[in-house]
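Colleague: I have a model open and would like to go through it slowly with you. Could you take me through the strands, the helices and the core, and explain the words as we go?

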Amino acid sequence: MPGRRVRLGLTGGIGSGKSTVAAMLVELGARLIDADAISRASTAAGGSAVEAVRAAFGPEFVTADQAMDRDRMRALVFADVSAKHKLEQIIHPIVRAEIDRQVNAVGHGVALLDLPLLAESSAWRERIDVIWVVDCTPETQIRRVMQRNGWPRAQVEAVLAAQASRAQRLAIADGVIDNEHASLAELKAQLADRWTGLQQRFGL
């Protein structure tokens, strides 16, 4: 179908290799829309969420260069669930609106939505045509993040505990990208096959 646009949602837990997979899909022709990058931009210096953060949390949560103080906010939301919800109510509508704008700018082909919270949010899932999950065992996630970030095991486990579980992600998957033991070449081959199938399915 000429002009067909497909919204492909990509998710995976920390250390799953989601960013690597997203980069490979861009090489295949997808247009990347990165929810995390949009969220970070909204709270960076001059970002669209900064004034709402100041109003909701106070001027001490905004730095001298007019960005959200990420360290202070991270400590607050970790300790106070209501603060986390308040912050989400500010940022999530901004992120959704910008994602919609970027999706609409993709005239045809595959709009690749990199959505870390896809399994946690039914609102995100309603905006997606196909969901792919990058999958590996929690132990592999822990090992990779410890090696990559230099974090202690307990810190990685705390992040995993705050995310959707592996079972929750797999339950929403239309396709699973196996990244447990795959080499980069094997991962590319796996994605090339899935990409071909996606194009055939939607007549791209």
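Modeller: Let me begin with a term: two strands pair if DSSP finds at least two bridges between them, and the strands themselves (E, at least two residues), like the helices (H or I, at least four residues), are DSSP runs numbered from the N terminus. This is a predicted model, in which local features need pLDDT of at least 70 and side-chain atom pairs count only at pLDDT 80 or more, while totals for chains, interfaces and linings use all residues. Residues are numbered from 1 along each chain as its sequence is written, and side-chain values use heavy atoms, with hydrogens and water left out.

Colleague: OK, which residue in S3 stands opposite Asp34?

Modeller: Asp34 stands opposite Asp114 in S3, and S2 and S3 pair in the parallel sense over 4 bridges.

Colleague: What is the order of the strands in the open sheet?

Modeller: The order is S2-S3-S1-S4-S5, an open sheet of 5 strands with parallel pairing. Strand S2 (31-34) and strand S5 (175-178) stand at the edges with a single partner strand each, so one side of each has no neighbour in the sheet. From one strand to the next, the twist averages 25 degrees; angles here run from 0 to 180 degrees between N-to-C directions, and axes are lines fitted to C-alpha atoms, for helices over the stretch in contact.

Colleague: And what holds paired strands together in general?

Modeller: Strands of a sheet pair through backbone hydrogen bonds, either parallel or antiparallel.

Colleague: How many bridges join S1 to S3, and how many join S1 to S4?

Modeller: S1 and S3 run parallel and are joined by 6 bridges, with Arg5 opposite Gly109 in S3 and Leu10 opposite Asp114 in S3. S1 and S4 also run parallel, joined by 4 bridges, and Leu10 has Trp132 in S4 as its bridge partner.

Colleague: Are S1 and S3 mostly covered or mostly open?

Modeller: Strand S1 (residues 5-11) is mostly covered, with 5 of its 7 residues buried, and S3 is mostly covered too, with 6 of its 6 residues buried. Buried means under 20% relative accessible area, exposed means over 50%, and partly exposed lies in between (1.4 Å probe, protein chains only).

Colleague: Now the helices: which strands does H5 lie across?

Modeller: H5 lies across S1, S2 and S3, running at about 175 degrees to S2.

Colleague: At what angle do H4 and H5 pack?

Modeller: H4 and H5 pack at an angle of about 125 degrees, with their axes 5 Å apart. That makes H4 oblique to H5, given that angles under 35 degrees count as roughly parallel, over 145 as roughly antiparallel, 65 to 115 as roughly perpendicular and the rest as oblique. Met73, Leu76, Val77 and Ala79 in H4 meet Val81, Ala83, Lys84 and Leu87 in H5, where contact means heavy atoms within 4.5 Å.

Colleague: Which residues touch the most other members of the largest nonpolar core?

Modeller: In that core of 29 residues, they are Val53, Phe57, Met73, Leu87, Ile99, Leu113 and Leu115. A nonpolar core is a set of buried Ala, Val, Leu, Ile, Met, Phe, Trp, Tyr and Cys residues joined through side-chain atoms within 4.5 Å. H5 gives the most to this core, with 7 residues.

Colleague: What is Leu113 in contact with, leaving aside neighbours within four places in sequence?

Modeller: Leu113 is then in contact with Arg7, Leu8, Gly9, Leu10, Ile33, Ile99, Val103 and Ile128. A second, separate core of 19 residues includes Leu8, Leu10, Val134 and Leu187.

Colleague: Changing topic, where is Gln66 found?

Modeller: Gln66 is found in the loop between H3 and H4, and its phi is near 65 degrees, a positive value in a residue other than glycine. At 34% relative accessibility, Gln66 counts as partly exposed.

Colleague: And where is Ala192 found?

Modeller: Ala192 is found in helix H10 (residues 184-202), and at 29% relative accessibility Ala192 counts as partly exposed.
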